[in-house]
Amino acid sequence: MYVFILQRVMALFPLLLGVSLLIFLMTQLVPGDPVMMMLGEYSVASAEDIEKLRTQLGFNDPLHVQYGRYLSGLVQGDLGDSMRSRKPVAQLILQRLPRTIELTVSALLFAILFGTVMGITAALHHNSWLDYLTVTIALLGVSVPGFWLALLLILFFSVYLGWLPVLSDPGIKGLILPMLALGLWAGGTIARLVRSGMLEVIRQDYIRTAYAKGLADRSVIYRHALRNALLPVVTVVGLQFGQILAGTVIIEAVFSRPGLGLMLVNAIIAKDFPLVQGIVMFVAAAYIIVNSLVEILYVWVDPRIRYG
């Protein structure tokens with residue numbers, strides 16, 4: 001077990017190295033001159049001053065030199081400085097991180113609760129109208145694009161009913177619509193997994209034995225069947241976390257929520273390369289680390305699994 005944990009920790013380094021290289025190369029392929037974007041469209045700076053600034057920022061260095069400097073900063077925890085605000089990228093990320101974590105965690109918890117309840121309901125009423133209804137809702141949650149769902153939620157709950165604010169605010173009300181827009185999609189995936197897992201588990205011999213021993217339906221379903229049916233969900237939760245975190249880019253832009261997603265969109269528009277690289281690297285690292293933790297957690301959840 002400890003050998004497996006060590007292997008997973010050691011595997012993080014080449015993954016993060018590959019991600020850093022990919023992010024660096026992708027930002028280099030973005031069209032446009034970041035120096036001109038930083039100076040502004042109507043800059044009166046001379047060509048000599050522009051070239052001097054480009055050299056000062058290191059854009060005239062060979063790519064391998066720029067990547068080496070970028071990688072050296074990552075190792076030291078230095079993500080560079082924003083080209084527009086001149087503030088450290090790490091500081092800017094930490095300022096916006098709480099709002100994004102709040103949205104991501106709440107959407108993930110809602111997705112787990114919503115998907116589990118829907119999956120159990122569909123499995124216990126298999127081939128009934130309730131089963132078909134829950135499956136249809138789950139399929140719609142998976143199929144509908146997040147930005148379109150967000151606009152529908154704004155139209156219904158904000159414009160027509162006037163219950164919730166159109167734009168996000170720091171209160172609980174401002175969190176509900178972005179949470180639903182992100183959580184419904186992930187909840188649909190979890191609901192389908194729970195349904196299929198429950199249908200498979202409730203046909204097992206040990207479930208029939210539990211009923212034969214006189215155990216109550218609630219005890220059999222929640223203590224025996226659900227515990228084993230949720231095993232695949234544990235693995236999917238790690239993937240859902242990363243996808244929800246990535247989905248905040250669109251959802252925060254739709255709801256004008258001041259988190260990492262909205263800051264990333266603005267940084268891409270402004271061609272603020274250090275800020276773009278820092279945010280994407282942070283999100284990618286969080287995704288990789290969470291999935292590695294889920295793999296380790298799976299050992300405790302399912303004692304049948306043994307790693308050599």
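Visitor: Why is L155 called partly exposed?

Guide: The relative accessible area of L155 is 37%. Buried means under 20%, exposed over 50%, and partly exposed in between (1.4 Å probe, protein chains only). L155 is therefore partly exposed. The residue is found in helix α7, where helices (H or I, at least four residues) and strands (E, at least two) are DSSP runs numbered from the N terminus.

Visitor: On what basis are such values given?

Guide: This is a predicted model, in which local features need pLDDT of at least 70 and side-chain atom pairs count only at pLDDT 80 or more, while totals for chains, interfaces and linings use all residues. Residues are numbered from 1 along each chain as its sequence is written, and side-chain values use heavy atoms, with hydrogens and water left out.

Visitor: What makes the nonpolar surface patch, and which helix gives the most to it?

Guide: Its members are F147, W148, L151, L152, L155, F156, V159, Y160, L161, W163 and I250, and its area is about 1100 Å². A patch is made of residues with over 30% relative accessible area and no salt bridge, like charges being joined within 9 Å and nonpolar side chains (Val, Leu, Ile, Met, Phe, Trp, Tyr) within 5 Å. Areas come from the Shrake-Rupley method with a 1.4 Å probe, only the protein chains shown counting as cover for residues. Helix α7 (residues 146–160) gives the most, 8 residues.

Visitor: How do you know that D131 and R195 meet in a salt bridge?

Guide: The N to O distance is 2.9 Å. D131 counts as buried because its relative accessibility is 0%, whereas R195, at 21%, counts as partly exposed.

Visitor: What makes the approach of D131 to H126 a polar contact?

Guide: Their side chains are 3.3 Å apart. The rule asks for a pair of N or O atoms within 3.5 Å; within protein, one must be able to donate a hydrogen and the other to accept it, and residues adjacent in sequence count only if both atoms are side-chain atoms. The distance in this contact is 3.3 Å.

Visitor: Why are E102 and R99 separated by about one helical turn?

Guide: Both belong to helix α5 (residues 89–124) and are 3 residues apart, which means about one helical turn. R99 counts as buried at 19%.

Visitor: Which other salt bridge does E102 form?

Guide: E102 pairs with R257, the closest N and O atoms being 2.5 Å apart. This pair links helix α5 with the loop between α11 (231–254) and α12 (260–270), across 155 residues. R257, at 1% relative accessibility, counts as buried.

Visitor: What makes the nonpolar core, and which residues touch the most other members?

Guide: A nonpolar core is a set of buried Ala, Val, Leu, Ile, Met, Phe, Trp, Tyr and Cys residues joined through side-chain atoms within 4.5 Å. In the largest one, of 62 residues, Y70, I93, M198, F255, M263, L275 and I279 touch the most other members. Helix α8 (residues 173–201) supplies the largest share, 12 residues.

Conventions
Salt bridge = Lys/Arg side-chain N within 4 Å of Asp/Glu carboxyl O.
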